Amino acid sequence: MLKILLLLTFTEICAAQNGITFSVFTVTSKSMTVQWKGPAGASSYKITATPKNSSKYPVFAQFSGNSVMGSVNSLSPNTLYTVQLEAMDNALNVLSSAKTEETTAPEVPSIIKAYSKHSDSITVEFTEVSGATSYILRAESGDFFFETSVSSSPGTVVLLQPHTYYMMSVMSVNSGGRSQPSYPIKAKTVVIAPKLNTTSPSNDSILVTWPPVEQAVLYTLCIIREGSSSRLKLNTTDTTVTFDDLEAGTTYCIKGTAWDSEGRTGDDLTVCQITRPSTPDVTSVQVTQGRSLGIAVYWVSVQGAENYIAWTSNGQNCTSTINSHCYIVPIECGQNHSVSVTAYNSAGPSSPSQPADYITYPCPPENIWVEEPTAGNCSLVWDEVPLVEYYMAFIKRDDGTEKSCNTTETTCSFFCMCGYTYLTTVFPYNQAGSSPYSHVRNYTTIPCCPRGVTIKLVSTDTLEIMWSPVKGAEVYQTTAKQTNDVIHCNDTAPVCALSDLRCNTAYSVTVTPCSELRGCNRTCTPHTQETAPCSPEILNMTQTNSSTYRVLISTPNTPNTNYTITAIGRYNVHTCKTRDRSCDLVQLPCGSVYEVTAVATTAAGQSLPGYSKPLETGPCCPTFVNVTQVTQAMTNVTWSTGSGARSYITTLMSSRGYAKCHTLDTHCLMGCITCSTNYSVNLEAISSTGHMSECKYRGFSSSPCCPTGVKLYRRANNSLRVYWRSLGLQIHNHTVELYGTGANYTCIAAAGSTYCDIQEETCGDVYRVVAAPVGPNGIKVNFCQPRTYSVPCPGSNAGMVISRGR
């Protein structure tokens, strides 16, 4: 292993007092160079190298305070020294110091001699020195510089240029470093070896060529036969040499060396070359029988042959590497050819052997066919083959029945039934025997029409046709024809599904058996089948009354088609049937959602449902509505929940005005009510999609009007009279109630009366007076407002009534 060594030894940095540091920078056999970093204030430095295990004197050197590196010389090689660095001031007082140990390099070795045996290396013999652990060899030539490490003498430097001068030197190495180079010696590498190229132009010669070698003046070639000690040496200045009279199929090794003008031999190169083999002799050629016609070629093996190739006169060949025979398969039949054998090795081929003749068996006829001039009468016919004495024809039916013909003609008649496949072959014979193989031809008679054809409508647009298989049919072609449109399928199975047919259409369905060779039987009877009716479309849906909806549909089928309309709800299903364009769905409950579809039905089957459309019936009316009067001008209306309704509009109508509210609740507080008025009660139930149901209920009469201008008077007979004015067109009875601190009084005034008298028992009381009409149902209006009066006893103000407020 080559190494380039650049040995610069750095020892461990030493530290001492006052921060001084130093290290050994490099070491040679007689010197050491150290570098340092001293303390501030140092004016000079002193380096002392003391042999550690020797009685030799110490060596020292002194440097100025600006120095950071210095060398100590005159040291002994391969010696361990204690190196001390001292930093001193102007008075030569030591400020700080540091120590380390280092070994000097070994002594410088000397070169004994240097020589080159190879064009890329120089070997150096040198003196070995004490203490050296290894040596470094250096080669220099111009700008070229190369070093390699060796353990002892001699050592070799490689990777050099051929026929080139180099300055060689050697250095010794130990743990401390390397010595100075020895005194150099000049040495020159030798020339390279010639690059020999060899060929064997014949089985007894070898041609050697090489490109000229630079600086070479002479070449030496030495040839030796493999396994022999005899050799032939030849000197030449040419670059081409031919060796003759050699043994065939034998390996020879040739070594080449070049000489320079100084008479030095360079590298040598040895190449080995085998001569071409001798010509083999063919011993026999045999025709072989089997699946493929072939020949076996036998020959005598020759020395040095690696493989053999046997060639026929028509260009076929076979190869063998171990045996002395090979097989050529297939070969042509009915022919007379010859075969030759050539031996090969890495040098090339031998001369071909003398050709050997052979004859093959007769060929089978290329063309065999069956003719059927009339149904059932067939003839097997084939092309005439040369060199044939007679033919054997074989006709085998696919059920196992077989017929054969022995004839010198080229035809053979036989009876052929429909729906069968016949395998036919012809073997020709001559004096060498029969052809080892023959072409087989198939002949299939036209298949018969299938029986038991059934047609079933499996979906609205698909017919499933089934039939019994027939012999000889390889594929069945099923067609459904309607005017100019033909839909068909091809399948090997006795079943077919014809889909994507037009609805409500009668198709002529035919099953046609086909064979690849004979085609299709177009005489089979067709069958008629009608497809399912077309799907009707819902055109419109209108409500004719509260529970009846009329559905208008399209009628894409024949007039005798029945249509069924179905409304599917969450809890019930409603249907109606028609042959016309409309149909009524009755008794549909309010507040329901239905999906309405239409289906057509004929004798052929039922159509697919048409596209469905949603039908939402109006929301249900509440079962009751209650109107309660809260004040004379305000009522509270409540009602039950209507199924399917999300919001409600309640209206109270009269000739004197109306009140209305729109709410999501089932109650509503309504103002603007006129007293003593008859109102009609209407309610609209509205679904979430906007469907509305109008609901009417029993009328509502507002309460009689409360009287106005109520006055309280004292009369002379100790009685009190309450007076009022009546409002409204209707006349009602009135009730008057007086609530005092001492007594309470009540009186009833007849209809049409506007006052009421009350006999007072104790005078001077304060009364709370309420005058209210009595409705037709005998119930008093309870929301008339009271008035408060103070009535003094008879005196200076007798007959006067003072109101204290309302």
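A disulfide is a pair of cysteine sulfur atoms within 2.5 Å. The model described here is predicted: local features need pLDDT of at least 70, side-chain atom pairs count only at pLDDT 80 or more, and totals for chains, interfaces and linings use all residues. Residues are numbered from 1 along each chain as its sequence is written, and side-chain values use heavy atoms, with hydrogens and water left out. A search of the whole structure gives 17 disulfides; among them are the links Cys253 to Cys272, Cys333 to Cys363 and Cys514 to Cys520.

**Cys253 and Cys272**

- The sulfur atoms of Cys253 and Cys272 lie 2.1 Å apart and form a disulfide.
- This pair links distant parts of the chain, 19 residues apart: Cys253 is in strand 21 (residues 251-260) and Cys272 is in strand 22 (residues 265-274). Strands (E, at least two residues) are DSSP runs, numbered from the N terminus.
- The disulfide of Cys253 and Cys272 is right-handed, because the torsion about its S-S bond is about 90°.
- Cys253 counts as buried because its relative accessibility is 17%, whereas Cys272 is partly exposed at 47%. Buried means under 20% relative accessible area, exposed means over 50%, and partly exposed lies in between (1.4 Å probe, protein chains only).

**Cys333 and Cys363**

- Cys333 is joined to Cys363 by a disulfide with an S to S distance of 1.7 Å.
- Both cysteines lie in loops: Cys333 between strand 27 (325-328) and strand 28 (336-345), Cys363 between strand 30 (356-359) and strand 31 (368-374), so the pair ties together parts that are 30 residues apart in sequence.
- The link of Cys333 and Cys363 is right-handed, with 120° about the S-S bond.
- Cys333 is buried at 8% relative accessibility, and Cys363 is partly exposed with a relative accessible area of 21%.

**Cys514 and Cys520**

- The disulfide between Cys514 and Cys520 has an S to S distance of 1.9 Å.
- A value of 110° about the S-S bond goes with a right-handed link of Cys514 and Cys520.
- Cys514 counts as buried, at 5% relative accessibility, and Cys520 counts as partly exposed, at 23%.

**Two further cysteines**

- The closest cysteine sulfur to that of Cys222 is in Cys253, 10 Å away, which is too far for a bond.
- Cys222 is buried, with a relative accessible area of 10%.
- Cys448 is partly exposed, with a relative accessible area of 33%.

**A nonpolar surface patch**

- Tyr713, Tyr723 and Tyr755 make a nonpolar surface patch of about 290 Å².
- Patches are made of residues with over 30% relative accessible area and no salt bridge; like charges are joined within 9 Å, and nonpolar side chains (Val, Leu, Ile, Met, Phe, Trp, Tyr) within 5 Å. A salt bridge is a side-chain nitrogen of Lys or Arg within 4 Å of a carboxyl oxygen of Asp or Glu.
- Accessible areas come from the Shrake-Rupley method with a 1.4 Å probe; for residues, only the protein chains shown count as cover.
- Tyr713 belongs to strand 62 (residues 708-714) and is partly exposed, with a relative accessible area of 40%.

**A strand hairpin**

- Strand 60 (residues 678-686) pairs with strand 61 (residues 692-701) in the antiparallel sense over 8 bridges. Two strands pair if DSSP finds at least two bridges between them.
- Tyr697 in strand 61 is the bridge partner of Val681.
- Strand 60 and strand 61 form a hairpin with 5 residues between them, and Gly690 in the turn has a positive phi of about 100°.

Terms used:
Helices (H or I, at least four residues) and strands (E, at least two) are DSSP runs, numbered from the N terminus.
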